[in-house]
Amino acid sequence: MTRQGTWLLLVALTWYLAGMFRTLSLTVLLLSELGLLVIMAMISAYFRATLDAAFPEETTFGEKECDCACRLRLEVHGRLPVGRPRLTLGLCYRAQRRRSTQRFYGGAEPGRVTDVTFYVRPPYAGPLSIELRQILTWDYLFLFPAKRRKREQMLLAVLPPPREARIHARSLPAMSGGQARETAPVPLYGISPEARDLREYRPGDSARSIHWKLSARTDRLWSRDYEDEKEERFTLSLNLSDTARMRPEHWDVFYEALSAVLLGLLRHRRAVRVFWRDGEKDLQWDVSDAQSRQAFFLRLYLSEPPDGTPEPRLTDFAFDTKLLWTRGAETVWQFDSADALREIAEQTFVI
Amino acid sequence: MSRKARIIVHTGREASEPPAPAHLLLLLSGVCALLLPSADGLAYSVPRTILLAVSLCVCLWSVARIGWRWAVLCSMLCAALWCAACVLLQDELSVQLAGAVRLLLLTHEDGYTVQFDLAAALIAVFLVLLFFSSELLIGSHVIPYSITLAVFLLGPLIGLQPSIEAAVLALLFQFCYWAMNGSGMRQSPFDFALPSRARLTALTGAVMSLTLAVVLLLAVPLALRNDERLYQPAYAAEGFLRRTVSRLSGSDATPVTGGNLNRGNQYPTGTTHLILTADRRPTAPVYLRGFSGGDYGYRGWDWSIETEVQIFRDMASDRLTGWETAASEAELLTANIYKQFDGLYWRRNSGSGERIRLAVQNGNRDFLDAYRPYYSVWNAERLRFINRYMDGPVYSFYEQSDLSIDWDAPGAVTDLWIETHYYQHCLEPYTRVPVERLPRLAKLCRENPLTDTDEITAFILHTLQSRASYSLTPGWTPFNRDTVEYFLFDNGLGYCQHFASAATLMYRLYGIPARYATGYIARPEDFLSVQGMLDSSYPADPMELAEGAQFAILSDFSAHAWVEIFLPGYGWTPVEVTPAADGSIMPNYPGLNLDLLAQRLAELKFSFPASDGRRAPGNAEQSLFASMTTGMSRKARKTVLDALKALPLFLPVPVVLAFLYRRRRKLSRYARADCRVSFGRLLSMTRFAGLLTDCDGQEADFPARLSAAVPGISEADAARLCRTAEAAAYGPGGIPDEANGFARELCRRAAESLYGKLNLRKRFLFRWWHAYA
């Protein structure tokens with residue numbers, strides 16, 4: 001209102017002085033100001049209708065405390081360039097109460113898709129939701145703002161940095177293929193014997209491993225785990241219960257410690273199969289390299305808190321949100337939430 | 001656990017784009033808009049000053065294209081040089097600036113000129129530096145916008161009337177720069193790093209310019225044709241405010257008297273000021289004088305009482321010449337002469353007409369000012385027909401038509417002596433004019449020497465009719481202008497105060513004693529009978545009113561100003577010089593030969609009195625221009641004339657724009673050209689560069705020769721281009737886009753390579769005329 005008020009005051013002053021001194025140039029100025037006032041109001045409404053913005057990707061990955069590039073697509077359906085629309089972005093972690101709001105100014109030419117990049121430096125690992133909340137367009141003279149509410153969202157999966165826990169395998173027997181293994185895998189509760197060897201197809205699985213008959217029957221692709229693969233991996237069950245009061249900084253430590261443990265375990269096996277419960281569903285994911293680690297964390301970030309108390313699983317290791325790392329009944333390490341990063345950097349964990 | 005931290009978001013934008021040519025154009029328009037409106041009397045070369053500003057602008061802009069740091073350094077260097085110039089030339093500069101201040105703020109004397117070359121040059125440099133720094137280095141449009149706005153809005157206060165072309169330039173600068181700056185030309189951490197920010201900025205500026213052009217195309221004719229109508233809302237608003245304030249403060253009941261010349265508009269409220277009761281209805285307007293002006297000054301007219309006292313003292317000293325008398329006797333004699341002069345003409349009237357008795361009651365009953373009719377005496381006793389509630393003086397007076405002074409009657413010797421001596425002594429003080437304040441008016445009278453009173457009156461009427469029109473809302477007089485000069489020679493609009501002042505000064509310049517008088521005018525139609533009063537809001541009880549009495553209620557609408565000239569034999573006589581509603585002026589004073597007046601006015605090509613309220617045009621206006629500008633106000637016509645005179649200065653602009661448009665079209669056509677066109681273009685540009693002039697592109701060794709002549713092209717590329725062009729010309733099918741793109745790219749590389757080999761003239765033609773690069 002201030003700008004319109006100032007403008008109207010200016011028009012009134014111009015009008016008054018033009019009349020009092022009968023100055024033709026001021027009259028021209030006055031008529032131009034009045035004309036522009038009307039045109040700018042129309043242009044503002046026009047921009048509101050013709051400018052659109054959206055995230056071209058639903059999900060993108062970034063690393064904690066690093067600049068993560070996110071893209072935003074601006075598109076003008078009309079025939080006029082939009083000078084400087086203001087885009088309001090809301091950023092928040094899932095467990096965060098307050099949303100961080102940032103405002104940026106864009107611009108778009110007519111008939112062109114303009115992709116702009118902005119950089120987010122997230123302080124914590126975890127799922128960071130970025131929401132385009134509002135597009136505020138102005139006319140060329142910034143007199144008439146026109147708001148348009150948006151609910152476009154994208155997820156920035158902020159991965160913990162690839163810090164690796166130093167793990168010393170105390171009594172791991174040598175395995176075929178040079179790998180070592182300490183104990184035989186224990187049958188998993190909650191998964192049928194047939195399903196224990198089968199899993200849904202993931203990109204990267206060899207065609208040899210696809211269970212064609214079952215896939216044809218169920219109309220989904222299933223992969224078979226071969227015995228030698230089973231021999232070359234650890235299993236880790238995650239307990240994600242009791243997370244209601246966890247804040248982003250707590251989750252950050254959890255993800256940091258989990259990532260370090262996974263990377264540390266991968267030093268000793270080709271893969272780590274992680275089991276956890278997503279709401280009412282049981283999930284498992286094999287982590288073997290950077291790509292699968294990225295995908296694992298994304299799936300983990302998308303998971304809902306487990307309903308009720310999950311059934312106990314018999315896996316090589318277990319890790320919970322209280323940062324307790326166990327192997328069977330034995331505690332490998334209880335991380336200190338305030339000092340976990342130092343522990344990861346300095347401590348050698350014996351399994 | 002990590003401590004609580006913020007999510008940092010940024011756009012990664014680091015560098016600012018170099019300024020576009022549009023920025024230079026807008027910068028120039030802003031500076032030129034301020035340098036164009038020069039005041040009369042400031043002697044400096046506008047083209048030279050503008051050339052200096054343009055050169056500096058172009059230099060700074062070019063440096064900014066190279067790099068912003070260089071631009072900052074260059075600006076600082078220029079600022080340092082500017083400061084040094086100011087210090088070194090301070091003596092001359094201070095003289096020029098002091099002269100300009102005197103010219104703009106204190107006076108507006110005709111012929112007073114100030115040499116302003118140095119100051120204008122320094123002001124131009126200062127403006128360029130300020131605008132360049134604000135717009136391009138800091139990225140703020142506020143200061144330049146405010147400066148241009150202030151010059152345009154406040155200029156008229158000191159009589160600067162910016163031309164339409166200056167207004168167009170200022171608008172272009174103000175709004176287009178606003179839009180372009182708004183599109184994020186300058187670096188800002190909150191602006192996304194757009195892939196083509198410069199293009200977007202230019203596009204925004206172009207759209208805004210186009211919008212402004214459309215608005216101006218509509219606004220200029222509308223302003224020229226309807227300027228008076230457009231001003232009316234401003235007057236209505238000001239009138240409403242002033243009437244409201246005066247009613248609330250009670251000043252609306254204050255009598256209109258005094259010699260202050262209003263420099264603004266007049267907004268009467270309709271509040272009752274005087275109630276007149278006459279024993280019969282007058283046949284001509286009755287002038288009730290409350291003030292007579294002596295000397296003319298900046299604020300208007302001084303009260304004449306001191307002049308009058310001096311005149312009577314001089315007359316007393318004439319009478320006492322050779323006598324040895326005390327000062328007290330002289331004072332007594334002065335008072336006696338004054339007393340005798342007061343009713344002199346009433347006493348000496350020998351006409352057959354009956355006197356009129358008139359009671360003048362002030363509306364709020366506490367006025368100390370007396371409003372007295374001409375040729376009157378004060379009646380001490382209350383008259384029978386006066387309502388008992390009424391208060392105020394009662395006068396007996398003769399109407400001018402009933403006046404017939406008999407100087408041969410017995411006892412008239414003393415009165416004649418008084419009349420004659422008064423005339424002798426009033427000649428000097430009442431023909432005094434501050435000529436230095438009124439150079440144009442003095443010149444006008446000097447160039448038209450006249451002696452006969454009727455001829456002088458005719459000339460004054462002609463001048464007023466030809467140069468001015470009546471309006472209660474003539475606008476403001478600039479602070480540094482004389483009100484009468486501005487009214488008569490610039491604005492051409494005014495009301496009774498302005499007409500009367502101008503006429504008074506003109507009478508004085510011709511040597512006729514004249515005074516500016518203010519008071520009220522009661523026209524015959526203002527008087528109503530008892531029955532008429534019953535229907536009005538007259539406050540008295542009609543039952544107590546005498547039969548046949550006439551009443552008039554005068555409000556500030558009846559407040560008036562007129563000229564009174566001293567006619568020997570008739571004394572101070574009112575002369576009406578304010579036009580009536582139909583534009584005609586009907587002066588009347590004893591001895592005025594109306595036939596002669598009409599004849600003189602006819603000779604001066606003016607209708608008198610005008611039958612339709614419109615003036616006949618003069619010969620000078622019988623032109624094509626006059627017919628084109630029919631319906632426009634005088635100021636609008638003058639502005640159009642000025643704009644037409646300045647048109648040649650702006651002719652290069654469309655030429656340059658057309659040139660740039662042609663180049664742009666060529667470039668966009670080449671950007672879509674197929675390989676055959678690109679091949680032809682390549683041949684054409686090599687020939688222009690003086691290479692391969694003997695080739696037509698079909699020679700077997702053409703690729704090798706092309707490669708040798710143009711360093712940026714390999715022989716393989718040249719051979720591929722030839723093959724593609726041949727296939728396009730003689731082949732069966734269409735050309736793939738990839739081949740066309742290759743040809744265009746090769747052409748671009750060749751242009752870049754050839755451009756460096758050309759001399760300056762050929763470079764210009766290569767780039768701007770042929771649009772090869």
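**Exercises on a predicted two-chain model**

Chain B of this predicted model has a mean pLDDT of 81, and 84% of its residues reach 70 or more.

**Exercise 1. Confidence along chain B**

Task: find which elements of chain B have the lowest and the highest mean pLDDT, then find where the pLDDT is below 50.

Solution. 
- Step 1. The lowest mean pLDDT among the elements, 56, belongs to helix 19 (residues 624-628) of chain B, and the highest, 94, to helix 16 (residues 496-509) of chain B.
- Step 2. In residues 606-622 of chain B the pLDDT is below 50. Beyond near neighbours in sequence, this stretch still has 28 contacts in the model.
- Step 3. For the complex, the predictor gives an ipTM of 0.77 and a pTM of 0.74.

**Exercise 2. Where domains 2 and 3 of chain A meet**

Task: state how many residues of domain 2 of chain A are in contact with domain 3 of chain A, and describe the domain 2 side by strand and by class.

Solution. 
- Step 1. Chain A is divided into domain 1 (2-50), domain 2 (51-159) and domain 3 (166-350).
- Step 2. From domain 2 of chain A, 11 residues are in contact with 12 residues of domain 3 of chain A.
- Step 3. At least two residues of the domain 2 side come from each of strand 2 (59-63), strand 7 (126-137) and strand 8 (146-159) of chain A.
- Step 4. By class, that side of domain 2 of chain A has eight nonpolar and three polar residues, and no charged ones.

**Exercise 3. The setting of B:Pro268**

Task: decide whether B:Pro268 is buried, exposed or partly exposed, and list what B:Pro268 touches.

Solution. 
- Step 1. B:Pro268 sits in the loop between helix 8 (197-249) and strand 4 (272-278) of chain B.
- Step 2. A buried residue has 20 or more other C-beta atoms within 10 Å, and an exposed one has 12 or fewer. B:Pro268 has 17, so B:Pro268 is partly exposed.
- Step 3. Leaving out residues up to four places away in sequence, B:Pro268 touches B:Ser555, B:Asp556 and B:Phe557.
- Step 4. B:Arg243 is 25 residues from B:Pro268 in sequence, and their C-alpha atoms are 7.4 Å apart.

**Exercise 4. A sheet in chain A**

Solution. 
- Step 1. Strand 13 (residues 271-278) and strand 14 of chain A run antiparallel and are joined by seven bridges. A:Val274 has A:Trp285 of strand 14 of chain A as its bridge partner.

Conventions. Residues numbered from 1 in each chain as written. Chains lettered and ligands numbered in written order. Predicted model: local features only at pLDDT ≥ 70, side-chain atom pairs only at ≥ 80, totals over all residues. pLDDT = per-residue confidence, 0-100. Helix = DSSP H or I, 4+ residues; strand = E, 2+ residues; numbered from the N terminus. Contact = placed C-beta atoms within 7 Å. Domains from an automatic or database assignment. Nonpolar A, V, L, I, M, F, W, Y, C, P; charged D, E, K, R; others polar. Pairing = 2+ DSSP bridges.
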